[in-house]
Amino acid sequence: MAKQVLQGTLDLMVLRTLETMGPQHGFGLAKRILQVSQGLLDLNQGTLYPALLRLEQRGWIKWRWATSDNNRRAKMYELTARGRKQIAREAASWERTVSVMDRFLRHPARSEK
Amino acid sequence: MVRRLLGVFRRRRLDRELAGELEFHLEQLEAEHRARGLSPDAARRAARLDIGGVAQVTEEYRDRQRIPLLDTAWRNLRFAIRSLARTPGVTAAVAITLALGIGANAAIFAVVNGVLLKPLPFPDADALVAVNHGMTGTADELPSAPYLYFTYREENRTLDGIGLWRIRAANITGRDRPEQVRALYVTSEILPVLGINPLLGRRFSQQDDSPNAPPTVLLTYGYWQRRFGGDPSIVGGTLVVDGRAQDVIGIMPRGFSFLDNQVDVIAPFQLDRSQVTLGRYVFPSLARLRAGVTLAEASADITRMVPLALARFPPPPGYTRDRFAARPVTPRLMPLKDTVVGGVGGMLWVVMGALALLLLIACANVANLLLVRTEARQRELAIRAALGASRARIAGELLAESVLLALIGAALGLWLAHQALQAVRAFGPENLPRIGEITIDPLVLLFTLVLSLLSGILFGLLPILRYANPKLAIALRTGGRTMSDSPDRHRARALLVTIQVAIALVLLVSSGLMLRTFQALSHVDPGFVRPEEVQLARITIPFGDVPEPERATRMQQDILSRLSAVPGVVSAAFADIAPLDPANGGSDTVLFVDGRTYAPGQARPLRRFEFISPRLFQTLGTPIVAGRDLAWADLYDKRLVALVSENLARDEWQSAAAALGKRVRASPADPWREVVGVVGNVHDNGMHLDAPRIAYFPSLMDRFWGTPTLSFQSATFVIRSSRAGTEGFLHDLQAAVRAVNSNLPVAEARTLHDAYEKSMAGTSFTLVLLAMAGGMGLLLGAIGIYGVIAYVVSQRAGEIGVRLALGAQPGQVRRQFVREGLMLTAAGVAAGLVAAAVLTRVMSSLLFGTSSLDPLTYSLTTLVLILVALAAAYLPARRASRNDPVEALRAG
């Protein structure tokens, strides 16, 4: 899979990861997304951190300083209530997109004569 | 959005946060690689490879944090600060020039705002109107009258209340020392109409205002503080006003000001409706319009009520109703604010216009300085453009500099304006209304901000237009050796200087015209001599103490003889009111002349009446043109005599001599009085107005205006002495008065010269401000000329060197540059003369004894301007002619 990901999909991936894992720092998020995508999606930090900032600016996630497992100060991101709603919205729209794309791929439109 | 806005300013913190986060990320990666068995060094390298370019991440992160436009503005601003700090001299010169220009405009706008624009300090003040009246055939405005007031009160359909008021002097006695105060008499509606409640106690009820009710009084805050130290227990106590004990029912709030009048106590009129007759137009009136009612509707309503009023009340004794019906009044309503502000609007707008022009000159000067400064940076700008800086970016930076300069100027200017306003409050003309309401409020701040931004853009535009898009080749080349100034560069500065000279001339002409006006006013013969030697003071004998008119007059005569005995006193007299007292206006009335008839509806001219003691004219220095002065016997024997001013005599009988022996009276119910003297005219309304026609009567008379005996117990004493106006003299006067009656206060002490100056205060205030604007304009214009010529000389040093080396005479070189300066000046003068002829027309209402096209003013100011321009051009020209050719060629 290409390293370039659609912006909307990355947002959803981050939100969804935070939903399933609970509060997480940036490194953990990147690692988790790599795992879930089975090594296909190795997020460039230049993509991840601006995305986190964007989500924060939209009020979907928030962060605080916390201490990590190895006793280091790190920014822990977590979902906000608005973020949870956004997941529901985006997931629905994504599923619609997938099913539409699916139809196109399986039953390509034929020209009518 | 807010976060992003903040992001513009919190760049450092956000960068730090990101750096921390990335570092954590790096360490985690490193730890993983180590766990997979790499050596620490290899692990670190691998981690760095994984994380990629930190700089790009940071840049992208920053872009998300902030708004590019604001970010640019912020960057431009910091760039501008650094750039301005590099040339502190130019920056300071520009900031000071702008501070003067902007500060002057901010100050005058604060005055205009406080005096003309702000509503009066009453709730919903726009609904307040003054109800005056006109009368067929007279231009003068009459105040209201009791018979009209009662009718309007009872019959109106458009008003939320209407009341009468009047201010006069009152004596306060029964305390440690007697004192004369300013008393405001009102009907019970006045305070509710204004919407003002007392701070303590209550307002007047209708009961308080009815005849024979127990007398009541309200104190103003200032008087309460001054006299009773703010003791609240005075409410409920009594105060003896004009010999009558009155209950103090309340204290007015601190900010209360009655239409700019100084007031100490407020008392109800207690008018008796059953005694009211037609006439008596001596009470100003104010009303509040009902919500939604226009001035025109209220006027129509009042016009409707005038006939009702004429039918409802009886004529006074000796008059017929027909006489009043033949000349009915017509209402003249106007917003209450206009009556308070009066005629100062024109003066303030003219001054404001002049200062706006001054700011334009300042902007032109600053633009010129910036042009030179930007030119010096031309190479820098060209190189940056060559390296890829966009035109917009360079323009933005230049504009940021100008705007920053303007804002610095505005900040300094506001400080200057604050100082100037304190000076205006301390030294401004005393007849400038609402002077206490002049402050730097948010509107003034906004005005100053907008003004400074506009000027910043105005003077910033020129350098931008010329240099933001540098023609690289030219800029880079001319950075090298040149022999001569390019005409192209010179043109913009020459145009600026021409504009400066033109505006400076307009300012000089307008201040010159004011100077001519002031001169003309000073040459008016006021009708009295050496006013600085004439002491004025008001002394009131309370009616409560001395009810008999004859006894009061005897007491006044006693006071006069005591005053005459004070060392240094040449002569003393009294009159009901002193010359040039502003209270004189508006009380003029009809004088009946024996043998003169008027057709019904034809206007009788209004005359001024004054009630005087003997020797008044001698004391003032007013000549007796024909006949004789009054004698004390005229007063005590109630002789039927009168004096008239010379202009009145000429109006009625063609000459002063012909007036003697003619007969006049104040009402048809009075006996005729014989004119026994004619005296010189006195410019009682101020030097800029015609001397009013005055009839003088003894201050003690029988059967005048239908009154059995008339006397004036409150009188202004007029004392001529070389010691007038000194503390010691006033002290002696008080002692002399106390010797007659220890209960009499001496009030309103001033010299006639004070009153004389006050009558010209508007003119001198305008003159001083315009002269200051003109002087500064001239100075800035001269600096502009000097700057341009000096620059040209420095640019052409090489050329001059060559010419001198080839044998040109220094005089020739000098003349060449002076001529260049004069060419600029001539163009500016030509434009300025035309502009002045057009613009000064707006100030014609402020002029006296001179036209707005006065040739002398125009030629003199032009001459002054040309001389100054010559000097400004000569200095650099002389330097040019002294160039050492060798030196110049080497440096060039």
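In this predicted model, B:Ile408 sits in helix H15 of chain B, which covers residues 391-427. Is B:Ile408 buried or exposed? With 21 other C-beta atoms within 10 Å, B:Ile408 is buried, because the cut-off for a buried residue is 20 or more such atoms.

Helix H14 of chain B spans residues 378-386, and its buried residues are B:Leu381, B:Ala382 and B:Ala385. Viewed down the axis of H14(B), these buried residues fall within an arc of 100 degrees, so they line one face of the helix. Just after H14(B) comes B:Gly388, whose phi is positive, at about 115 degrees.

In soluble globular proteins, nonpolar side chains tend to be buried together. The largest nonpolar core of the model holds 104 residues, and the members that touch the most others are B:Leu358, B:Leu505 and B:Ile785. Which helix gives the most to this core? That is helix H13 of chain B (residues 344-376), with 19 residues. The core also draws at least three residues from each of two domains of chain B, namely domain 2 (67-123 + 344-480) and domain 4 (488-519 + 760-892). For B:Leu358, the contacts beyond its neighbours within four places in sequence are B:Gly101, B:Ala104, B:Leu507, B:Ala773, B:Met776 and B:Gly777. Apart from this core lies another, of 67 residues, whose members include B:Ile577, B:Val675, B:Val737 and B:Val746.

Of its 7 residues, 6 are buried, so S20(B) is largely enclosed by the rest of the structure. Strands of a sheet pair through backbone hydrogen bonds, either parallel or antiparallel. How do the partners of S20(B) run? Strand S18 of chain B (residues 641-645) is parallel to S20(B) and joined to it by 5 bridges, with B:Leu643 standing opposite B:Gly677. Strand S17 of chain B (residues 624-627) runs antiparallel to S20(B), through 3 bridges, and B:Ile624 has B:Val679 as its bridge partner there. Strand S19 of chain B (residues 663-665) is likewise antiparallel to S20(B), with 2 bridges; here B:Arg663 is partnered by B:Glu674.

Chain A has 113 residues, of which buried residues make up 25%. Its secondary structure comes to 4 helices and 3 strands, arranged along the sequence in the pattern α-β-α-α-β-β-α. Among its contacts between residues at least 6 apart in sequence, 50% join residues at least 24 apart. In what order do the strands of the open sheet in chain A lie? The order is S1-S3-S2, with antiparallel pairing. At the edges are S1 (24-25) and S2 (61-67), each of which pairs on one side only. S2(A) pairs with strand S3 of chain A (residues 73-79) over 7 bridges, in the antiparallel sense. Within this pairing, A:Ala66 has A:Ala74 of S3(A) as its bridge partner.

Note on methods
Residues numbered from 1 in each chain as written. Chains lettered and ligands numbered in written order. Predicted model: local features only at pLDDT ≥ 70, side-chain atom pairs only at ≥ 80, totals over all residues. Buried ≥ 20, exposed ≤ 12 C-beta atoms within 10 Å, placed from the backbone. Arc of directions from axis to C-beta. Contact = placed C-beta atoms within 7 Å. Core = buried A, V, L, I, M, F, W, Y, C linked by C-beta atoms within 7 Å. Domains from an automatic or database assignment. Pairing = 2+ DSSP bridges.
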